[in-house]
Amino acid sequence: MSPDKGIINILAIITFLLSLVSLVYGLLYIALPTGDAPLHNFFGVLFLVAFALNIILAYMNEKADVEKRVKMWGTGFLVFFLVAVLGMGVGGFGASNIYDPSLANLVLCLVVYPSFLGTFIIGLAHGWLSAKAKSGYFPGSRLKFSSRRSRKKMSTGRNVLQVLIILIMLLGVFFAYVLITDYLGLTQCLVSQYALFMSFFYLALMVLGQKVNRVPGGPFRYITGFLGVILFIVFLFPLFLMPRAIADAELSFAHAFGADWEERLDHEHKEHFRPYEFSLPAYFLSIPTTHYEYKRDVLYYPLNGVEKEVDEGLELYYDVYMPSEDSDDVLPGEGSTIVRIHGGAWIAGTKGVGSMMQMNKYFASQGYTVFDIQYGLSDRVDLAHMAEEADFLSFLSDSSFVEDLTLLGSPGHVRGPFTLDDIIRHLGIFSRYLEEHGEKYGASLDSVYFSGGSAGGHLCTAMALAIDSGDYEHIFSPEIEVSGYVPFYPGNKAYEVLDGIGGSEEWMDVEILVGPDSPPCLIYQGTSDGMVPPEVARSFYESYLEVGNEKCAVIYLPLAAHASDVQFAGYYNQLFLYYMERFLSLY
């Protein structure tokens with residue numbers, strides 16, 4: 001049954017108006033220096049509705065007896081939107097992992113913004129033509145093929161597209177499984193934070209499949225229709241859970257740091273903070289970061305020969321991010337220092353892209369001096385057992401491809417037969433280097449924070465607690481004053497790897513280092529983390545309570561997996577960033 005033309009006209013007018021409003025608001029967001037346009041989530045919801053209505057309109061026009069060009073515009077919208085979703089997600093990630101702010105903004109301008117704005121420009125044309133569309137068949141409204149060869153080519157092309165759509169749909173089923181379970185593989189690092197993109201991607205792909213297939217009531221239409229709707233709904237789960245996550249985060253933060261924490265914030269600092277726990281426009285259009293300077297690949301070890309024979313061939317570098325010289329004097333950082341330690345299971349990873357680079361850039365723009373450092377990575381663990389984390393690539397577990405994948409781009413000059421004791425010693429070397437050289441970057445030793453993810457979360461915890469205790473001055477600089485630390489999904493009890501690396505008891509189990517006067521701590525933890533389960537963060541939090549120290553908060557992110565902060569403008573990282581910058585300001 002063809003849809004009623006009157007209903008299509010009403011839907012087309014609404015789609016046109018919402019596309020227009022979304023386009024104008026998107027331009028406003030881009031024009032503002034910080035991207036903090038008013039009524040952000042009201043208009044963000046309008047974005048979602050406009051996406052959905054354009055997709056639905058394309059479906060209804062296909063069913064209706066309307067002009068061919070209107071149906072072609074619907075197909076054009078769907079194809080562009082599928083590419084645009086990838087552009088917004090991949091472009092945002094790419095921009096956040098470029099050192100130079102000008103180049104990062106260029107990626108936003110060439111990839112992210114055109115993807116978003118182009119969607120609604122085509123949506124405007126789609127809605128306008130649909131509202132003005134004529135009913136009924138007329139000469140020339142259908143393409144005619146005079147040769148059997150042409151019809152055969154068209155049929156072959158449709159068959160190939162249908163197979164491709166089915167395969168992508170099945171991949172979506174796998175992604176949905178990853179989202180709603182504590183899946184162990186590396187795929188988990190991508191799915192949860194990009195689920196909102198996936199939701200509308202699969203809705204559009206479903207409708208495109210309906211347009212490609214010309215067999216009414218055939219199995220292809222039923223299968224793609226069913227899968228498309230289910231995937232659309234499942235991938236919306238993280239968004240639906242955000243209000244609860246925000247409420248729980250506030251309770252946890254207030255319980256640890258006082259119900260009056262907002263009143264204790266410096267009023268001059270507040271105006272520089274992100275004003276919202278979560279912004280839908282920021283999710284799609286990214287968060288631009290400017291007003292920082294950086295210096296990369298600075299050698300800190302060895303400078304005057306290696307300390308131990310095991311370090312032979314080891315070279316350790318750091319990147320430093322600083323507020324620009326024209327920055328405001330009342331920025332929240334005020335010369336404080338952040339040491340960021342990358343993750344990678346103590347055997348892989350590196351600074352830069354491997355250390356959530358835009359977090360470094362963002363806090364430099366807030367007045368902090370941020371050091372993103374390398375440390376020695378252990379080769380004492382057999383990579384073969386890591387193949388399970390390579391997902392469906394595990395059958396290649398003996399190949400160099402999976403080894404490269406598992407090592408996450410770590411350079412050869414940082415790898416060696418290191419134990420945890422060696423790794424901690426390397427971090428201690430950096431602390432002494434910071435004592436001697438930090439001043440030239442404007443880094444204050446009187447207020448130092450430590451942060452890192454996964455293995456880096458474990459190491460930043462060990463470093464902060466050890467320095468603060470005063471019992472490890474033979475390893476760390478005694479001049480450093482620890483103000484607090486922020487572990488992201490800390491791998492504190494990953495004994496499967498730690499036992500293979502080996503080390504002293506306090507580094508193997510950092511809970512031993514917790515005392516009644518340990519510095520305040522804010523922890524990022526996903527509830528669906530398959531690599532570092534939430535029980536690890538819970539256990540560490542309880543170790544604080546056991547010694548009478550309540551200055552530890554865990555912010556649990558629903559359905560968030562490991563490394564779910566990779567997308568800087570993702571809903572998880574936005575929420576945690578809101579509290580992280582306030583935490584640093586408090587202490």
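Me: Before I look at any pair of charges, what is a salt bridge?
Reply: A salt bridge is a side-chain nitrogen of Lys or Arg within 4 Å of a carboxyl oxygen of Asp or Glu. Keep in mind that you're looking at a predicted model.

Me: Okay, how many salt bridges does a search of the whole structure find?
Reply: The search turns up 13 salt bridges. Start with K211 and E62, whose side chains meet at 2.6 Å, N to O. K211 sits in helix 7 (residues 195-212) and E62 in helix 2 (residues 40-63), so this pair links distant parts of the chain, 149 residues apart.

Me: Let me try another one. Where do E307 and R425 lie?
Reply: E307 is in the loop between strand 1 (292-301) and strand 2 (316-323), while R425 is in helix 16 (residues 420-437), so their pairing ties together parts that are 118 residues apart in sequence. Their salt bridge spans 3.7 Å, N to O. E307 is partly exposed at 41%, and R425 is buried at 11%.

Me: Which residues are linked with E307 and R425 in a network of salt bridges?
Reply: D311, D422 and R432 are linked with E307 and R425 in that network.

Me: And what about K493 and E511?
Reply: K493 forms a salt bridge with E511, and the closest N and O atoms are 3.6 Å apart. Both ends lie in loops: K493 between strand 8 (482-488) and helix 18 (495-501), E511 between helix 19 (505-508) and strand 9 (521-526), so the bridge ties together parts 18 residues apart in sequence. K493 is partly exposed at 29% relative accessibility, whereas E511 is buried at 17%.

Me: Let's move on to sheets. How do strands of a sheet pair?
Reply: They pair through backbone hydrogen bonds, either parallel or antiparallel. Here, an open sheet of 8 strands has the order 1-2-4-3-7-8-9-10, with mixed pairing.

Me: Which strands stand at the edges?
Reply: Strand 1 and strand 10 (552-557) do; each has a single partner strand, so one side of each is left without a neighbour in the sheet. From one strand to the next, the twist averages 15°.

Me: Can you walk me through some of the pairings?
Reply: Strand 1 and strand 2 run antiparallel and are joined by 7 bridges, with K295 standing opposite V320 in strand 2. Strand 2 also pairs with strand 4 (residues 369-373), again in the antiparallel sense, over 4 bridges. There V320 stands opposite F371. For a parallel case, go to strand 8 and strand 9, joined by 2 bridges. F488 has Y524 in strand 9 as its bridge partner.

Me: What packs on the sheet, touching strand 9 and strand 10?
Reply: That's helix 10 (residues 242-257), whose direction makes about 175° with that of strand 10. Helix 14 (residues 357-365) is another one to find: it lies across strand 1, strand 2, strand 3 (337-341), strand 4 and strand 8, running at about 40° to strand 2.

Me: How many residues of strand 2 are buried?
Reply: Strand 2 is mostly covered, with 7 of its 8 residues buried.

Me: Last topic: rings. What describes a pair of aromatic rings?
Reply: Two things: the distance of the centres and the angle of the planes. A search of the whole structure finds 56 aromatic pairs. In one of them, Y99 and Y321, the ring centres are 6.3 Å apart and the planes are at 5°, so the pair is stacked. Y99 lies in the loop between helix 3 (68-96) and helix 4 (101-132) and Y321 in strand 2, so the two tie together parts that are 222 residues apart in sequence. Both of these tyrosines, Y99 and Y321, are buried.

Me: What about the rings of Y300 and Y318: what is the angle of their planes?
Reply: Their planes are at 45° and their centres 6.4 Å apart, so that pair is tilted. Y300 lies in strand 1 and Y318 in strand 2, and both are buried.

Me: Which ring does the charged end of R340 sit over?
Reply: The ring of F488, 5.8 Å from its centre. Likewise, R582 lies over the face of Y578, at 3.6 Å from the ring centre.

Methods
Residues numbered from 1 in each chain as written. Predicted model: local features only at pLDDT ≥ 70, side-chain atom pairs only at ≥ 80, totals over all residues. Heavy atoms only, no water. Buried < 20%, exposed > 50% of the residue type's maximum accessible area, 1.4 Å probe, protein only. Pairing = 2+ DSSP bridges. Axes fitted to C-alpha atoms, helices over the stretch in contact; angles between N-to-C directions. Contact = heavy atoms within 4.5 Å. Phe/Tyr/Trp six-rings, centres within 6.5 Å; stacked < 30°, edge-to-face > 60°. Lys NZ or Arg CZ within 6 Å of the ring centre and 35° of its normal.
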